[in-house]
Amino acid sequence: MPLVLIGKIHLQGSARSKLNLALCPYLAGSKISMLTVKTFIFNPLNENTYLVFNEDKECVILDPGCYSKDERKILQDYISEHGLILKYLLNTHCHLDHVLGNKFIHEAYGLILHIHPKEQAVLQYAPLFAANWGLTLDNYEGPLLFLEEGDIIKLGSDELEVLFTPGHAPGHIAFYCRQQGFVIAGDVLFKGSIGRTDLPMGSFETLISSIKNKLFKLPDDTIVYPGHGEYTIIGQEKLHNPYLI
Ligand SMILES: [Zn+2]
Ligand SMILES: [Zn+2]
């Protein structure tokens, strides 16, 4: 099985050893539970779509932003080539760039969309943003399942814990894997930057509070997989992020 490249960033210390563990082929078949995080960069807004899967191939898809036919094929090919069994469709928030592939995933894999209840209004606005960007959106109109702070997404013995992180969007959530020390953080915190708050229902004060009281409470070596750009580490952002120091 080929190694899964999960990024180009050079990590140091314990975060680095965690990353190496995730990439280590010698652990295949061992009893150590290990999630793989695979990143795709999709759509004209360069959004990060994530697959997170365990050794039993159970998989969650987060923020499917696949837009073109080619992007959908790349995603589907990866899923079928790795024999992944898609279990959950999750959105950190419902801005256009994060929802472009929701309906496609729903129809192809029969998954129901999970969001925070406060993102329902944002999802309804997505077609309007699509028109502004000159994109066409076949919006998800299937049933919704709602997630709140503290809810757990289970993949076998692995868990993703829901953190409520509003500010960039009113019902923004992040998915924290405590065992493996990473968080799928959407558009809250980026490497050297933070999420914008000038969109409808955004709030700068709320965003800063989410970062300081939720993400910055995680261990310093927690890897942050953001909605755009490279991943980063909580400790590095505490030290170097110009918006937060
Ligand atoms: Zn966003
Ligand atoms: Zn985004």
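The legends below describe close-up views of one predicted model. In this predicted model, local features need pLDDT of at least 70 and side-chain atom pairs count only at pLDDT 80 or more, while totals for chains, interfaces and linings use all residues. Residues are numbered from 1 along each chain as its sequence is written, and chains are lettered from A and ligands numbered from 1 in the order in which they are written.

**View 1. The open sheet that contains strand β10.** Six strands form an open sheet in the order β7-β8-β9-β10-β13-β14, with mixed pairing; strands (E, at least two residues) and helices (H or I, at least four) are DSSP runs numbered from the N terminus, and two strands pair if DSSP finds at least two bridges between them. The edge strands, each of which pairs on one side only, are β7 (152–155) and β14 (232–233).

**View 2. Strand β10 and its two neighbours.** Strand β9 (residues 173–177) runs antiparallel to β10 and is joined to it by three bridges, with phenylalanine 182 in β10 as the bridge partner of cysteine 177. The hairpin of β9 and β10 has four residues between the strands, and glycine 181 in this hairpin takes a positive phi near 70°. Strand β13 (residues 223–226) is parallel to β10 and is joined to it by four bridges; in β13, tyrosine 225 is the bridge partner of isoleucine 184, and proline 226 is that of glycine 186.

View 3. The buried residues of α2 are Glu71, Leu75 and Ile79, and they cover an arc of only 70° around the axis, which puts them on the same side of α2; the arc is that of the directions from the helix axis to the C-beta atoms. On the other side of α2, the exposed residues are Lys69, Asp70, Lys73, Asp77, Ser80 and Glu81. Glycine 83, which follows α2, has a positive phi near 65°.

Definitions and conventions
Buried ≥ 20, exposed ≤ 12 C-beta atoms within 10 Å, placed from the backbone.
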